[in-house]
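Here is a short report on one predicted model. Look at the structure first, then read on.

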Number of protein chains: 2
Amino acid sequence: MNIGIFGTGMVGNAIGTKLVQLGHNVKMGSRTSNNEKAAEWVKQNGASALQGTFKDAASFGEILFNCTSGNASVDVLKLAGEKNISGKILIDIANPLDFSKGMPPSLTICNTDSLGETLQREFTEVKVVKALNTVNCNVMVNPSLVPGDHDLFICGNDGGAKEKVTDILKNWFGWKSIIDLGDITNARATEMLLPIWVRLWGKLGTPNFNYKIVR
Amino acid sequence: MNIGIFGTGMVGNAIGTKLVQLGHNVKMGSRTSNNEKAAEWVKQNGASALQGTFKDAASFGEILFNCTSGNASVDVLKLAGEKNISGKILIDIANPLDFSKGMPPSLTICNTDSLGETLQREFTEVKVVKALNTVNCNVMVNPSLVPGDHDLFICGNDGGAKEKVTDILKNWFGWKSIIDLGDITNARATEMLLPIWVRLWGKLGTPNFNYKIVR
């Protein structure tokens, strides 16, 4: 499948690398083509790894991953171009974290709104599915880094899109337990898991952990 | 031990009942003495179950439990009287939930502040330990209602107070795994678990679940 990724950071790199390993063609998008990190990623990942602008990645991808900084995401999707993203599934991994005042970060949107909802509201023709935003990027594509059973949360307004994303998470990335919380308003609940995630990271000394809902 | 409880709702009732069963003397406080729910609880729980005003409960208790609505908690502690609570451990179970706009509730304080921090800031001589606010009241005093391993989070500024509360949680209530996140600013992280808690409650159809941090 042809897949577009927005963002050249650790998350975009981890997702893109995994997708290439799985045999997909992946175009990593950034503000300008030939972004240094994107070019380096292409060099390391062979002929199926491509790079370009956000618009290039959007046009290329049948499915899109938002791996940008949460506070840049609306701008990124505008740069990608509404006609290039409309009708497509956008797996929104971003969190609206503000690191400007040091650690731990706060959220720039939360409680009565979320980044996932913002993106869905701004880009009504995109099928936003919030997923993977509650784990470290290495765990995202290799959930067995965390031993035993643990859960991933997804939400979104489009049932078909959530089915497709669930299939990707299970069969491509290896997730065993996925809890569909409901519509995209649930993004505010999963994004609000970040404050404790960041603190647990400091406390446990490793980012390789995850939540399990025991019942 | 003599214990004071602020609040006559489900949480105060569950905590108070458990403490009486364990052989402690418990005074349940509310705005006025002879509150209907407190009087009913006293009737059902025998001679060790007492009731009175917030001030009465505060004076009585060597340790205090805040089981009030989060948005009333500052007022409640003012009514309890600074001299009656100073120097004592306050186990803060409350969450600043706003149900006025229906379900799911939002938080009235979050992200860059929390109820736990607010109480510690307003009542500097009280040893606030945030705990038990991330589980249903039945699970609080009977963690084995949720099978297997799962975690409780505590935080607070006073190490000795946290040790004492950890002892109470383990040896009185039966908690096996307690994660001390650090100082009271971590209350914002545990209070922000409520949005997903409420949604999971709806999704799972039971309040008898809990988080496990798998690593």
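**Where the chains meet**

In this predicted model, 31 residues of chain B are in contact with 31 residues of chain A. Contact means that the C-beta atoms of two residues, placed from the backbone, lie within 7 Å. On chain B, helix H10 (194-204) is one of the elements that give two or more residues to this side. H10(B) gives the most, with six residues. Helices (H or I, at least four residues) and strands (E, at least two) are DSSP runs, numbered from the N terminus.

The chain B side divides into 16 nonpolar, ten polar and five charged residues. Ala, Val, Leu, Ile, Met, Phe, Trp, Tyr, Cys and Pro count as nonpolar; Asp, Glu, Lys and Arg as charged; the others, Gly among them, as polar.

**Strands across the interface**

Strand S11 (residues 210-214) of chain A pairs with S11(B) in the antiparallel sense, over five bridges. Pairing requires at least two DSSP bridges between two strands. A:Ile213 has B:Tyr211 as its bridge partner in S11(B).

**A helix with two sides**

In H8(A), the buried residues are A:Ala161, A:Lys162, A:Val165, A:Ile168 and A:Leu169. They fall within an arc of 120° seen down the helix axis, so they line one face. The arc is that of the directions from the helix axis to the C-beta atoms. On the other side, A:Gly159, A:Gly160, A:Glu163, A:Asp167 and A:Asn171 are exposed. Buried means 20 or more other C-beta atoms within 10 Å of a residue's own, exposed 12 or fewer, and partly exposed in between, with C-beta atoms placed from the backbone.

**Reading the model**

Residues are numbered from 1 along each chain as its sequence is written, and chains are lettered from A and ligands numbered from 1 in the order in which they are written. Local features need pLDDT of at least 70, side-chain atom pairs count only at pLDDT 80 or more, and totals for chains, interfaces and linings use all residues.
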